[in-house]
Amino acid sequence: MIDGKTRTCGLIGNPVEHTMSPAIHNTLATRRGHNLVYVPFLVEEGQVDTAVKGAYALNVLGMNVTVPYKSEVTKSLVEVDELAAQIGAVNTLVRVADGYKGYNTDMLGLYRAMLEDGVQIEGEEIVLLGAGGAARAVAYLCASKGAVKVYMLNRTLEKAQEVAAEVNQAVGKEIIVPMLLTDYEKLPDKQFLAIQGTSVGLAPHDDEVVIADEAFYQKIHTGYDLIYRPFNTRFMQLVKEAGGEAYNGLKMLLYQGIIAYELWNEVEITKEDAQAAYEKMKEAMGL
Ligand code: ATR
């Protein structure tokens, strides 16, 4: 029941209508018996700073931030977590004295989803497809979590080179190796974890995939697609056809929410509660 003690959390972005975050947070609040509601806030261009300051003034406990404000919002915060600062993108605001502290639970969420699935980054050689905003964040995650090498394959080589130079400099090691997407045959003859971080294959272009050659998938023991719509991407299908394990990005989305919820409420969410939120998300997706 909403009463005088109800705390508010919410999402700022534009658009926000299709978000699954209310399904995650309101499910967790109900299951944990927390007097908390989570609502979407549509914020118009140029209003991010006003929105963040206003939320603080309104005693809003925590916020998520989505497209297109994940970089811009950093200017309105009193503190930014180290990984989020490296990535340059914040998706979670935690209320502290005098304002909000920013975190990137997208990447922490991907990491936790991988741990839950038994997929390891530490000590691994990884193939990362893409060099856009999402792939760049994954490159930082891999570098900060002890990957040995990350072969970053991109259609535009220059972009992969730029990201590699930046990440390698930040971590002080030559971990990211930039490559042209079509040069995948030049990958060492090994078994890799592959992370699909391009926008290719996103609904409604379900049949598209960034590399279609079976020979590439022979080198992949596990495939992780950041896309979750469709639920079973072409990339995942090809990984599985070649005998590998494949996962989509829905658990990453789940855990970015769970980590945000844990930060706001200073609690630990159990696997059972995580599973209940996951079921609600699938329901919201019409699955
Ligand atoms: P996001 O924020 O989702 O990462 P982005 O920054 O626009 O989006 O990055 C999109 C990624 O998908 C890039 O790596 C892009 O490759 P380029 O850097 O060469 O543009 C990749 N991508 C998009 N369409 C592609 C296509 N048809 N073939 C190969 N790669 C593609």
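Reader: In this predicted model, what is the handedness of the crossing of α4 and α9?

Author: In this predicted model, the axes of helix α4 (residues 105-116) and helix α9 (residues 250-265) come within 7 Å and cross at roughly 115°. Angles of 65 to 115 degrees count as roughly perpendicular, and α4 is therefore roughly perpendicular to α9. The handedness of this crossing of α4 and α9 is right-handed.

Reader: Which residue classes make up the contact of α4 with α9, and how many residues fall in each?

Author: On the α4 side the contact includes Met107, Leu108, Leu110 and Arg112, and among the residues they meet in α9 are Lys251, Met252, Tyr255 and Ile259. Divided by class, the residues of the contact of α4 with α9 come to ten nonpolar, three polar and five charged.

Reader: Which residues make the contact of α4 with α5, and what is their class?

Author: The crossing of α4 and α5 is right-handed. Met107, Leu110 and Tyr111 of α4 make the contact with Ala137, Val138 and Leu141 of α5. By class, the residues of this contact of α4 with α5 are six nonpolar, with no polar and no charged.

Reader: How do α9 and α10 lie to each other, oblique or roughly perpendicular?

Author: The axes of α9 and helix α10 (residues 271-284) come within 10 Å, and they cross at roughly 125°. α9 passes α10 in a right-handed crossing, and the contact includes Leu254 and Ile258 of α9 and Ala277 and Tyr278 of α10. By class, this contact of α9 with α10 has nine nonpolar, no polar and two charged residues. With the limits for roughly perpendicular set at 65 to 115 degrees, α9 and α10 are therefore oblique to each other.

Reader: Which residues come nearest to the ligand?

Author: A polar side-chain atom of Lys159 lies 2.9 Å from an oxygen atom of the ligand, while for Arg155 an N or O atom in the side chain is 2.8 Å from a ligand oxygen atom. In the side chain of Thr156, an N or O atom is 2.5 Å from an oxygen atom of the ligand. Of the 14 residues around the ligand, those that come nearest are Ala134, Asn154, Arg155, Thr156 and Lys159.

Terms used
Residues numbered from 1 in each chain as written. Predicted model: local features only at pLDDT ≥ 70, side-chain atom pairs only at ≥ 80, totals over all residues. Heavy atoms only, no water. Axes fitted to C-alpha atoms, helices over the stretch in contact; angles between N-to-C directions. Helix = DSSP H or I, 4+ residues; strand = E, 2+ residues; numbered from the N terminus. Parallel < 35°, antiparallel > 145°, perpendicular 65-115°, else oblique. Left-handed = near helix turned anticlockwise from the far one by under 90°. Contact = heavy atoms within 4.5 Å. Nonpolar A, V, L, I, M, F, W, Y, C, P; charged D, E, K, R; others polar. Near = heavy atom within 4 Å. Polar contact = N/O pair within 3.5 Å; in protein donor to acceptor, adjacent residues only side chain to side chain.
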